[in-house]
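Subject: Structure handover

Hi,

Here is the structure I promised to pass on. My notes on what turned up in it follow below.

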Amino acid sequence: MSLTVIERMRLRKERERDSQSCLTTPGPDNYSIRSSSPPPMDPLDQHKPLDLPNPFVLMPPRHSTSQNTPAEIAIMKSTGERALKTRKLNESAQADFRRFIETANPLEREVPSHLALLEVRGLLQDHAEQGQQTWEPMKELTKAMKKIIRAFLTAPNLRYYGGSLAATIVDAMQKSDIPNLPDDDALMQEKLSHPISVDKNTIKATIKMSMHVENIEERNIAWVTFKIMKSLGIVGDPTLGLYWRIAHIRSELAKNHPNGTFWDEVDKTLDDYHKEGAAEFVLCLKENFKDDIAKYGDPAKIDYKLTAKALPDKAPKWMWSAHELAPKVRRVDAAFKSRKRKRIHYNNPEEEEEENSGGNAGSNEGGSVNSGGGEGEGENDSDGVLLL
């Protein structure tokens, strides 16, 4: 509650009377710096302390500006020469050190000292950045990268083939406790971009070739899927859901999109399907698959097996992570705009409900691919991977 004009006048008058009768003026001795009690406040302004003398004004300066005496310089030189014998410095560094200790004015010595500290800091920063730029994954990490990339690209519940795919793969690798990952997520994403692009081109090239061959069997989506899995080193049987995805990619190839925007167009169509709703998304994939059968042949008429199991009975942790996070891929990847990106929260009930209704639609209808092997099995070579 603010004071009236009269109340403020009375307070001011009382304060002036007290100041005249006071024999001592409040100073730094009246208030201990170590005290936790706040300083007295001005009655006219409850948010403003009283104007007390600044106790720090009387403190001596941190550094004396007086020059060192010749005797002090002599002591510094002799001490410095003894110290030089215990250090390995080049001739240039030794000359700089001698000039430093022979300088009489402390302020003149402080300037080159500060510059030297800044130079060291800059060198350390450059070294750290260079170390990040030259970082290369170890052999075992490269092998794990290829396996989990191919698990994502051939997952029937993968939401998009671009966007935040690399960032989501990094999340899956972290969630799977894959060792030797760099601290910088963006650095790992950069290393993933090339193998992702190579494997996507392999899928695209294999499907495109099937559209122009004369052999009827090689045009069939069952043969095309088998060929893709073999090219990527994947073992196991595909699912109907994977057939749907490959049929969708083949339908986009028929539209003759430019190479640079092809996968964006694939994702754009998938996004249009998702916007219709979860059930409608599945119907869209079914209709597209029906068109593929009419044009390229029925996979049920050739001898290729399908599986309805989502994952093997003893699927390794990385397979579970890929299967869980594949529907969480987003079209727009904000991770590359900042080196510090926001982590995915896996236990968000609302997001889980959204993904289970939309992103997993293809997986629920078509299942995913089972390798039939255990956690330590299924690697036919260094690039081999079990298909989700």
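A definition to begin with: helix axes are lines fitted to C-alpha atoms over the stretch in contact, and angles run from 0 to 180 degrees between N-to-C directions. This is a predicted model, so to speak of local features we need pLDDT of at least 70 and side-chain atom pairs count only at pLDDT 80 or more, while totals for chains, interfaces and linings use all residues. Residues are numbered from 1 along each chain as its sequence is written, and side-chain values use heavy atoms, with hydrogens and water left out.

Helices here are DSSP runs (H or I, at least four residues), numbered from the N terminus. On that basis, α7 (185-210) and α9 (residues 221-231) pack at about 150 degrees, with axes 10 Å apart. The two are therefore roughly antiparallel (angles over 145 degrees count as such). Contact (heavy atoms within 4.5 Å) comes from Thr202, Ile203, Thr206, Ile207 and Ser210 on α7, and from Val224, Lys227, Ile228 and Ser231 on α9. By type, the residues of this contact are four nonpolar, four polar and one charged (Ala, Val, Leu, Ile, Met, Phe, Trp, Tyr, Cys and Pro count as nonpolar, Asp, Glu, Lys and Arg as charged, the others, Gly among them, as polar).

Next, α6 (residues 165-175): nine of its 11 residues are buried (buried is under 20% relative accessible area, exposed over 50%, partly exposed in between, with a 1.4 Å probe and protein chains only). Among the buried ones are Leu165, Ile169, Asp171 and Met173. The buried residues of α6 pack against α5 (139-153), α7 and α13 (317-325). Just after α6, Asp177 has a positive phi of about 60 degrees.

Then the aromatics. There are five aromatic pairs in the structure (ring centres within 6.5 Å, using the six-membered ring for Trp; planes under 30 degrees apart are stacked, over 60 edge-to-face, the rest tilted). Tyr161 and Trp263 make a tilted pair, 5.4 Å centre to centre with 40 degrees between the planes. Tyr161 sits in the loop between α5 and α6 and Trp263 in α11 (residues 262-276), 102 residues apart. Both Tyr161 and Trp263 are buried. Tyr161, Phe262 and Trp263 form one aromatic cluster.

Phe226 and Tyr304 are also tilted, as their ring centres are 5.5 Å apart and their planes at 45 degrees. Phe226 counts as partly exposed at 39% relative accessibility, and Tyr304 is partly exposed at 24%.

Cheers

Methods: Parallel < 35°, antiparallel > 145°, perpendicular 65-115°, else oblique.
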